[in-house]
Amino acid sequence: MSQNGPLGHIAIIGGGTAGWMAAAALARVLGRHGPAITLVESEEIGTVGVGEATIPPIQAFNAMLGINEDDFLRATQGTFKLGIEFIDWLRPGHLYFHPFGDHGVDFGPVPFDGLWHKLRSRGLAGPLEAYSICAAAAAAGRFARPTQGDNTPLSRISYAFHFDAALYAQLLRTHAEAAGVTRREGRVTAVDLRPDGFIEAVTLSCGSRVTADFFIDCSGFRGLLIADALGAGFQDWGHWLPNDRAVAVPCAPGGSFTPYTRSTARAAGWQWRIPLRNRIGNGYVYASAHLSDEGAMATLMANLDGAALAEPRLLRFRTGRRDAFWVKNCVALGLAAGFLEPLESTSIHLIQAGIARLLEMFPTRAFEPADIRRYNRLMAAEFDSVRDFVILHFHATERADTPYWAHVRTMEVPETLAERLRIYRATGRVFREADDLFTKTSWLAVMQGQGLTAEGYDPLADGMPETEAQARLERIAAVTAASVQRLPSHGEFIRTRVDAG
Ligand code: FAD
């Protein structure tokens with residue numbers, strides 16, 4: 001085969017969510033006439049096994065694989081998610097909602113955030129949640145998929161899922177194997193390099209070798225190929241995001257069956273609550289510099305909605321990303337590429353984004369350096385912008401009640417975030433840069449929810465007379481509230497439209 005020809009064989013190392021997402025997607029897109037794909041995983045090592053909340057782009061990923069959404073929800077104990085409720089983040093007793101979708105307003109050239117700030121400062125606008133169909137539906141515990149072909153709040157419902165990560169990996173495995181992927185069970189004990197530094201093969205503990213032209217490192221935090229073999233560096237973000245551990249435990253269903261994730265701030269971190277059909281996923285993400293494992297476990301166990309269904313699991317992690325995600329003939333995906341704590345449920349999305357970009361810049365055996373540089377540049381920008389968004393939640397707070405909160409509130413933040421904060425404080429403006437994952441709705445919801453106040457407002461808001469703007473906001477809030485009443489409860493929707501469908 002020529003040095004420039006198409007790839008003949010791809011080896012994916014690791015069979016967690018990242019490995020099976022990559023295997024299923026590549027097999028689907030490259031087809032049976034494309035390169036052979038082998039996935040190596042080790043049952044003995046196992047997977048991280050958490051990762052239960054997602055964001056809306058996952059719908060497109062499942063659709064690309066040809067997975068029917070109802071089948072997917074039934075196979076994974078899946079439920080719907082309209083956003084995240086943040087409790088006690090600004091101060092104890094405070095609550096706000098970060099919704100998916102938009103604020104349901106189209107004022108043409110006049111930006112919603114500008115109008116809202118202007119009217120809010122004069123006491124003429126309601127809380128942000130009143131203008132978001134996702135926030136309003138979540139507060140009422142209601143859900144439906146968006147209506148098609150009209151322009152009502154109900155057509156703007158945007159949603160993602162909660163699911164059992166292990167069951168999702170199994171579903172992906174079924175699709176991948178049906179599309180021709182070969183699974184090898186075994187522990188990789190050595191990575192063999194060619195004289196030019198490219199990976200030639202991995203050796204398994206049984207002594208056999210898996211050779212390939214292209215390797216995808218999905219081996220988890222360690223980064224067996226990208227870091228251990230190829231030496232990619234790691235940017236540690238622990239000084240901005242000091243949480244480095246989590247305890248996780250499932251419990252029996254209890255409390256409300258919410259169509260959203262709940263995040264509750266705690267003394268040295270925060271606790272997640274993710275409702276599946278058969279259980280609730282819970283975890284306390286915390287900074288080991290501020291809290292012992294026993295302390296975290298005790299707080300978690302004291303704050304469950306139902307009886308614990310298993311022993312709590314302790315997970316250690318390091319927050320940050322690789323300097324380079326693609327080195328020579330190896331791309332890292334998932335935890336091998338980097339990790340941001342799950343506050344905004346972005347890890348699975350970053351795997352999806354990595355796969356999408358890899359397909360956009362899919363290599364031949366020539367491994368075009370410009371493609372590799374572009375891939376690394378775009379993925380770095382995506383990780384960095386998610387990092388800034390996550391830091392915002394911790395930094396913009398009134399809390400100083402524990403050393404942990406006193407630290408995160410006063411720490412220096414990346415200049416890119418500091419700039420956003422300056423702009424918001426002066427003008428109330430939020431913006432989405434080129435490849436930012438989070439929209440203006442997200443930035444506005446969290447900036448406002450975390451208590452940042454804008455001194456001014458966008459002068460473009462003066463493009464609409466105040467009385468007209470007020471009337472339109474009132475109408476949107478009224479139509480949104482009325483629309484929510486037409487939705488079934490989250491449980492009823494699953495029973496009657498997903499399971500019966
Ligand atoms: P892993 O699950 O660690 O899989 C690694 C694979 O590599 C395994 O199959 C293992 O057997 C294999 N392997 C490793 N070494 C070898 C070897 N030597 N030989 C052979 N095989 C090997 N993400 C979200 O999107 N939403 C969330 O709500 C969310 N919550 C999270 C909560 C916590 C506390 C943590 C830590 C993560 C969370 N994540 C979440 C992230 C999510 O869990 C991961 O992004 C996702 O599971 C992908 O993991 P992975 O496949 O990269 O790694």
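These legends describe close-up views of a predicted model.

**View 1. Residues around the ligand.** The ligand has 37 residues around it, and the nearest of them are Gly14, Gly16, Gly51, Gly220 and Gly334. Sorted by class, this shell holds 18 nonpolar residues, 16 polar residues and 3 charged residues.

View 2. At least two shell residues come from each of α1 (17-30), β2 (36-41), β13 (245-251) and α9 (347-360). The largest contribution is that of α1, with 3 residues. In terms of domains, domain 1 (9-77 + 163-235 + 319-385) and domain 3 (245-316) each provide at least three residues of the shell.

View 3. Glu344 is listed by UniProt under "binding site", in an unreviewed entry. The loop that holds Glu344 runs between β21 (338-339) and α9. Glu344 counts as buried because it has 23 C-beta neighbours inside 10 Å, and the cut-off for buried is 20 or more. Leaving out residues up to four places away in sequence, Glu344 touches Phe389 and Val390.

**View 4. The surroundings of Gly141.** Gly141 sits in the loop between α5 (133-140) and β6 (160-162). Within 10 Å of Gly141 there are 17 other C-beta atoms, so this residue is partly exposed. Its contacts, not counting residues up to four places away in sequence, are Ser256, Thr258, Pro259, Ser489 and His490. Tyr159 is 18 residues from Gly141 in sequence, and their C-alpha atoms are 14 Å apart in space.

Conventions. Residues are numbered from 1 along each chain as its sequence is written. This is a predicted model: local features need pLDDT of at least 70, side-chain atom pairs count only at pLDDT 80 or more; totals for chains, interfaces and linings use all residues. A residue is near a molecule or strand if its C-beta atom, placed from the backbone, lies within 6 Å of it. Helices (H or I, at least four residues) and strands (E, at least two) are DSSP runs, numbered from the N terminus. Ala, Val, Leu, Ile, Met, Phe, Trp, Tyr, Cys and Pro count as nonpolar, Asp, Glu, Lys and Arg as charged, and the others, Gly among them, as polar. Domain bounds come from an automatic or database domain assignment. UniProt positions are given in the numbering used here, feature names are shortened, and annotations may be inferred rather than shown by experiment. A residue is buried if 20 or more other C-beta atoms lie within 10 Å of its own, exposed if 12 or fewer, and partly exposed in between; C-beta atoms are placed from the backbone. Two residues are in contact if their C-beta atoms, placed from the backbone, lie within 7 Å.
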